[in-house]
Amino acid sequence: MKWAIKIIFIFSLMILVDCQSNKQILLENKAETLKPNPNLESKKSNLTKELRLTYHAVWVAKENFELIKSGSIFGTGNSYEIRLESDKQIQWMRLSSTDRENQSRFPYFYQDEIQNPDVSYFVWGNKKCSVLVFSLPDTKLYARWEGIHNGFLLVFETVVPGQNGSKELAKELHQMVLQSLDLY
């Protein structure tokens, strides 16, 4: 009887040791899979992001961007600040939307009641949109693209160095909006 207990005891120890070694191997494998992979990290940062402005309007940038800030406007619209990874003139943008009731009190990034902006009108699908360009101190330009889609005001704002002029900035901002805004 003693030898049967010894055999069972030895057999139990062998199973326990085997389980512990398997557990150690599993832990080592898990630690290897959790190590950051630099190739995977760079691919993640290059993924195109989508920002929903309204139910019917989504910003799908054709260039990579970094989301700096996001928030709500009056509980009915959205606001995003992004930094673009681009060699073009526009490096920073604020994308915003609000419903019809709040359009008259929209919180623009920059407002000037005295200065007359340079205004350009563009065809946007079967509608028109406007781009206002204001001169800022330090030879900078502030541009604001505005259009209405399904009762929502869509606003895209940027501040850039004023080397190329207001008409060129208006065209560049409009082209960027046309390329990156998906409407449903």
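Is Arg83 buried, partly exposed or exposed at 42% relative accessibility? At this value, Arg83 counts as partly exposed, where buried denotes a relative accessible area under 20%, exposed over 50% and partly exposed the range in between, calculated with a 1.4 Å probe on protein chains only. The model is a predicted one, in which local features need pLDDT of at least 70 and side-chain atom pairs count only at pLDDT 80 or more, whereas totals for chains, interfaces and linings use all residues. Residues are numbered from 1 along each chain as its sequence is written, and side-chain values use heavy atoms, with hydrogens and water left out.

Helices (H or I, at least four residues) and strands (E, at least two) were taken as DSSP runs and numbered from the N terminus. Two strands are described as paired if DSSP finds at least two bridges between them. An open sheet of 7 strands has the order β3-β4-β5-β9-β8-β7-β6, with antiparallel pairing. Its edge strands are β3 and β6 (118-124), each of which pairs on one side only. Neighbouring strands of this sheet are turned by 15° against each other on average, direction ignored; axes are lines fitted to C-alpha atoms, for helices over the stretch in contact, and angles run from 0 to 180 degrees between N-to-C directions.

Within this sheet, β3 and β4 are joined in the antiparallel sense by 8 bridges, and Ile73 stands opposite Gly77 in β4. The hairpin of these two strands has 3 residues between them, and Phe74 adopts a positive phi near 55° there. On β4, 6 of the 8 residues are buried, so that the strand is mostly covered. Strand β4 also pairs with β5, antiparallel and through 5 bridges, with Tyr80 opposite Leu95 in β5. Further along the sheet, 10 bridges connect β8 and β9 in the antiparallel sense, and the bridge partner of Arg144 in β9 is Glu157.A salt bridge is defined as a side-chain nitrogen of Lys or Arg within 4 Å of a carboxyl oxygen of Asp or Glu, and by this rule the count comes to 3. In one of them, Arg83 meets Glu66 with an N to O distance of 3.1 Å. This pair links distant parts of the chain, as Arg83 lies in strand β4 (residues 77-84) and Glu66 in strand β3 (residues 65-73), 17 residues apart. Glu66, at 40% relative accessibility, counts as partly exposed. A salt bridge also forms between the side chains of Glu81 and Lys69, at 3.8 Å from N to O. Because Glu81 lies in strand β4 and Lys69 in strand β3, the pair ties together parts that are 12 residues apart in sequence. Glu81 is buried, with a relative accessible area of 14%.

The salt bridge of Arg94 with Glu157 has its closest N and O atoms 2.8 Å apart. Here Arg94 belongs to strand β5 (residues 92-98) and Glu157 to strand β9 (residues 152-161), and the two are 63 residues apart. Both Arg94 and Glu157 are buried. By contrast, Asp138 is exposed, with a relative accessible area of 67%. Asp138 is placed in the loop between β7 (127-136) and β8 (140-149). The C-alpha atoms of Asp138 and Gly162 are 8.8 Å apart in space, with 24 residues of separation in sequence.

Strand β2 (residues 57-60) runs antiparallel to β10 and is joined to β10 by 3 bridges, with Ala57 opposite Leu183 in β10.

Helix α3 (residues 166-180) comprises 15 residues and should span 21 Å at 1.5 Å a residue, which agrees with the 21 Å between its end C-alpha atoms; the expected span is 1.5 Å times one less than the number of residues. The buried residues of α3 are Ser166, Leu169, Ala170, Leu173, His174, Met176, Val177 and Ser180. These residues cover an arc of only 160° around the axis, which puts them on the same side of α3, the arc being that of the directions from the helix axis to the C-beta atoms. With contact meaning heavy atoms within 4.5 Å, α3 lies across β4, β5, β6, β7, β8 and β9, running at about 30° to β6.
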